[in-house]
Amino acid sequence: MGKIKESSQIKKEEEQKMKRSMFYVLTLVAAFSLVFASCAGAVTLNFLLYADASMPAGRVEQDVVAAFEAAYPDIELKIETLYDEAFHEKLAALAAAGALPDVMTLWPGGKRSGYLYEAGLIEDLYPYLGAEKANFVPGAVASQYEGKLMELPMGAGCATQVLFVNTELLDQLGMAMPQTFEEFKAMAPGINAAGLIPLIMPNKESWVMQCSLFSTIVGRIAGTEWLMDAIAGVNSFTDSEFVRSLEIVQEFYATGLIPVSSIQLAYGDSPPLFTEGEGVFMIDGDWRVGDFTATGGLMYDAPEEQAKIKLTVVPDFADQVGPSSSTALVATTGLGMKAGLSPEKAEAAFKLVRFYAGPEAARIRVAAGGGMAGIAPSYKYLDLSGIELSPLTVEIIGFYAKHPGTPVLDAVIVGDPIERINNGLQELGLGQITPEQLAAEVEAAFAR
Amino acid sequence: MKFTISEKSEKALTYTLFVLPPLFLFILVIGYPILKSLYLSFTDYNIVKNEAVWGAGFKWYVKMFKHRDFWWALRNTFIVAGVSVFGQIPIGFVLAYALHRKFVRFRGFFQGMVFLPVTISMIVVGLLWLKMFSPVGAITSLLRIIKDDPRYTIGIFLNKTWAMLPIGFVLLWQWTGFYMVIFLANLQKLDPSIIEAAMIDGASEAQIFLKVILPLLAGTIVISSIIAMAGSFKGFALIWALTRGGPVNFTEVITIYMYRYAFQYQKYDFGCAISIVIVAICILLVMLTQFIKRKLVGEEL
């Protein structure tokens with residue numbers, strides 16, 4: 001009896017074992033199929049976006065990305081949004097670690113992104129762009145590095161020097177728009193006496209003075225040809241043209257046009273000062289306009305206030321050889337993709353790159369009053385019907401036609417020399433160095 | 001057959017098993033990187049291409065010692081170390097003594113308030129004081145009212161010689177509480193009968209402080225000094241958040257100098273050389289502190 005029981009017991013145990021292993025196998029199969037089901041069709045991209053998420057213009061860029069996600073639900077984006085030095089440092093660290101994101105905001109070259117291009121880490125976009133190249137403004141899709149397109153700019157061009165003028169304050173002070181630099185300097189004592197700042201500039205970050213004012217000065221005093229020759233070593237930065245440009249920066253500080261305390265003013269603290277009427281003029285890049293006009297911006301819901309602001313450039317200098325009323329122009333930023341992505345990822349990545357510079361994104365930016373790269377889009381054929389443009393947006397759109405451009409220094413000079421220029425301009429303002437000394441150090445930094 | 005080992009080798013085995021994991025971690029996280037940095041400091045290193053070309057010799061060290069920015073950064077770092085050792089520790093000690101000897105009421109409140117800044121992240125503290133001191137900040141606005149000058153800004157930040165002063169203030173504000181708590185704990189360990197005996201013998205407060213308390217806590221002071229110095233040389237986050245080492249390089253400390261060259265200018269080979277120099281200086285300072293301790297206090301620790 002016991003033996004029969006034993007054998008039926010063994011059978012039961014065996015059956016249970018079978019059931020258990022079936023259960024495990026089925027669970028495994030179910031798990032795997034779930035994994036593969038979610039994999040099929042869904043591509044995940046790591047995306048490092050450059051935007052100031054705390055400011056309206058930055059939020060417009062986030063809206064553009066959200067529109068992309070809505071349009072392409074099968075592409076999943078892992079987005080990180082950073083701004084200013086934090087972005088550059090993170091990207092540099094990721095590059096050094098060999099962990100570049102799949103898609104990221106890039107600069108057309110120069111100090112900011114040049115090192116990535118030299119290391120061959122970024123994919124050439126021309127093969128992906130193909131015939132669509134004709135839909136973009138030629139200047140935007142011109143080659144950026146060794147005949148390749150490294151990033152698809154979202155704008156037609158970026159003016160780094162825009163002079164914001166509070167015409168209401170000018171009228172109150174009984175002053176007129178200065179036509180020459182001498183007139184501009186002469187206004188400083190009167191404005192200071194009235195307890196206002198003549199020219200607001202956030203010079204705590206050393207690149208601001210170089211990018212937003214000095215580049216224009218060099219472009220006008222020395223001219224583009226001289227600059228490119230000096231970089232190539234045909235001329236020297238100790239030439240009188242460059243020294244004179246540095247002297248003019250000194251004059252801006254010395255006459256009180258730009259207070260020395262501006263070197264303590266953090267980037268981003270200047271627009272509120274300007275809108276609160278603490279200063280008559282402000283210099284910043286065209287990208288700043290978006291923070292006034294975009295939804296939630298400083299003057300978003302106050303078109304009458306916007307109408308009181310005029311956008312122009314600093315007046316001409318007496319001894320300039322470069323173009324009159326010029327600003328400094330550079331290609332805008334845009335998205336680029338990591339080299340060596342798998343075909344599906346590369347296809348998805350380029351969809352994002354193209355969308356970011358394409359008509360839908362441009363429409364979102366124009367309708368919002370401006371994104372991170374100013375207002376003029378790089379895509380030629382836009383449907384702007386039904387968009388009401390705010391007064392300041394209209395101002396900045398008309399800006400580009402009135403002001404020719406010279407190069408921005410940090411787009412054409414990289415490495416030690418541009419660092420010396422950036423820091424040296426701060427030292428100049430603090431009276432720690434003379435123009436001649438700084439010019440000599442800049443030339444030495446080229447280590448020719 | 002049972003496997004037996006002698007008591008001696010059992011002890012040795014236990015010792016090894018306990019020491020091996022942390023030793024392994026130490027080598028992995030501290031030892032190997034330092035040795036690798038030493039190696040890279042003698043090469044030309046392109047980190048993005050991951051190519052290290054041997055043969056740079058001492059060129060990075062020569063460049064560093066010839067560079068005026070390096071000496072200025074070193075000067076600033078010693079200022080930070082000085083504020084820590086000769087500012088935070090004495091003030092922390094005095095505060096701890098005042099609390100321990102019950103010179104004030106509401107001791108719990110004061111203890112909590114003095115220690116509170118220690119718990120705040122250094123980046124947050126840096127940003128907090130950046131905003132307070134900035135031309136559009138709270139302290140500037142207050143000073144404008146007091147000085148009746150609507151355009152006043154705190155100019156000391158722009159003064160090359162004195163720009164480290166506000167940073168010293170913020171360092172004191174944040175870290176004094178840390179040392180206060182350490183000293184308070186050590187004071188509470190002391191036998192109260194010693195102080196009572198001294199008071200019975202007619203010693204004044206000053207004499208109790210100098211002749212009784214200070215010698216007993218000398219060891220703690222030395223250890224705190226070592227911690228303070230090591231922390232100063234590592235210090236980066238607070239000053240970075242506050243000034244980025246700026247304007248120009250006025251408030252740059254050695255770690256920011258290294259960061260600038262390694263991470264901003266992509267010169268990792270030069271950065272490695274700087275880091276080796278930092279390690280060397282730290283070792284020298286710790287040896288110096290131990291020497292002073294032996295001379296003053298003996299080997300009680």
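In this predicted model, A:Phe164 has A:Leu311 as its bridge partner, and A:Leu311 belongs to strand 9 of chain A. As a general point, the strands of a sheet pair through backbone hydrogen bonds, and they may do so in either a parallel or an antiparallel way.

Stepping back from that pairing, one finds an open sheet of 4 strands in chain A, arranged in the order 7-8-6-9 and with mixed pairing. Strand 7 (197-200) and strand 9 (309-312) of chain A stand at the edges of this sheet, and because each has a single partner strand, one side of each is left without a neighbour in the sheet. From one strand to the next, the twist averages 20°.

Chain A also contains pairings that involve strand 11 (residues 334-337). Strand 3 (residues 103-106) of chain A runs antiparallel to strand 11 of chain A, and 4 bridges join the two; here A:Thr105 has A:Leu335 of strand 11 as its bridge partner. Strand 4 (residues 152-153) of chain A is likewise antiparallel to strand 11 of chain A, to which 2 bridges join it, and in strand 11 of chain A the residue opposite A:Pro153 is A:Gly334.

Helix 8 (residues 206-221) and helix 18 of chain A pack with their axes 8 Å apart and at an angle of about 95°, which makes helix 8 of chain A roughly perpendicular to helix 18 of chain A. Helix 8 of chain A brings A:Ser206, A:Trp207, A:Met209, A:Gln210 and A:Phe214 to this contact, while helix 18 of chain A brings A:Ile421, A:Asn422, A:Asn423, A:Leu425 and A:Gln426. Sorted by class, the residues of the contact between helix 8 and helix 18 of chain A comprise 5 nonpolar, 5 polar and no charged residues.

We now turn to the place where the two chains meet. Here 24 residues of chain A are in contact with 19 residues of chain B. Helix 3 (84-96) and helix 18 (416-429) of chain A each supply at least two residues of the side of chain A that touches chain B, and helix 3 of chain A gives the most to that side, with 5 residues. The side of chain A that touches chain B is made up of 13 nonpolar, 6 polar and 5 charged residues.

Within chain B, the domain assignment gives domain 1 (1-40) and domain 2 (58-297), and the C-alpha centres of these domains of chain B lie 35 Å apart. Between them, 4 residues of domain 1 of chain B are in contact with 6 residues of domain 2 of chain B, and the side of domain 1 that touches domain 2 has 3 nonpolar, 1 polar and no charged residues.

B:Phe233 counts as buried because it has 21 C-beta neighbours inside 10 Å, where the cut-off for a buried residue is 20 or more. Leaving aside residues up to four places away in sequence, B:Phe233 touches B:Thr77, B:Ala81, B:Ile254, B:Ile278, B:Ile281 and B:Cys282. In the case of B:Ile254, which is 21 residues from B:Phe233 along the chain, the C-alpha atoms of the two are separated by 7.4 Å.

Methods:
Residues numbered from 1 in each chain as written. Chains lettered and ligands numbered in written order. Predicted model: local features only at pLDDT ≥ 70, side-chain atom pairs only at ≥ 80, totals over all residues. Domains from an automatic or database assignment. Contact = placed C-beta atoms within 7 Å. Nonpolar A, V, L, I, M, F, W, Y, C, P; charged D, E, K, R; others polar. Buried ≥ 20, exposed ≤ 12 C-beta atoms within 10 Å, placed from the backbone. Pairing = 2+ DSSP bridges. Axes fitted to C-alpha atoms, helices over the stretch in contact; angles between N-to-C directions. Parallel < 35°, antiparallel > 145°, perpendicular 65-115°, else oblique.
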